[in-house]
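Okay, thanks for coming, everyone. Let me put the structure up, and then we'll talk about charged pairs.

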Amino acid sequence: MKVKKYVQVGCGVRSLAYSIPLVKKYEDCGELCGVYDTNYKRAELVSELAGEKIPVYDDFDKMVETVAYAIEHKNQIQPIIIQYLK
């Protein structure tokens, strides 16, 4: 099965209900590539509690550019999304 790439925007308490299962239970079908929150410490906490070294961002645009660039070079992103990001 092809692994889908995800980023998480917003790292409030409810976000853990999504990030932890994605990293620990569904790693065979999904990968958390980054977490973003305007509160950097909160994003760091989600990364830490997920138990993985998930990149943490406090700049949404930078996260999108970084993650999309990495995925684009692995040929795993639709051309329409790359066009939107440019």
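So, which residue forms a salt bridge with Lys5? That's Glu31, with the closest N and O atoms 2.6 Å apart. By salt bridge I mean a side-chain nitrogen of Lys or Arg within 4 Å of a carboxyl oxygen of Asp or Glu. This pair links distant parts of the chain: Lys5 sits in strand β1, residues 4-9, and Glu31 in strand β2, residues 30-36, so to speak 26 residues apart. Strands here are DSSP runs of E, at least two residues, and helices are runs of H or I, at least four, numbered from the N terminus.

Quick word on where this comes from. It's a predicted model, so local features need pLDDT of at least 70 and side-chain atom pairs count only at pLDDT 80 or more, while totals for chains, interfaces and linings use all residues. Residues are numbered from 1 along each chain as its sequence is written, and side-chain values use heavy atoms, with hydrogens and water left out.

Back to the pairs: the structure holds 3 salt bridges. Another one joins Asp37 and Arg42, closest N and O atoms 3.1 Å apart. Asp37 is buried at 5% relative accessibility, whereas Arg42 is partly exposed at 36%. The cut-offs are under 20% relative accessible area for buried, over 50% for exposed, and partly exposed in between, with a 1.4 Å probe and protein chains only.

Then there's Glu44 with Lys41, at 3.7 Å, N to O. Both lie in helix α2, residues 40-49, 3 residues apart, about one turn of the helix. Lys41 is exposed at 63%, and Glu44 partly exposed at 31%.
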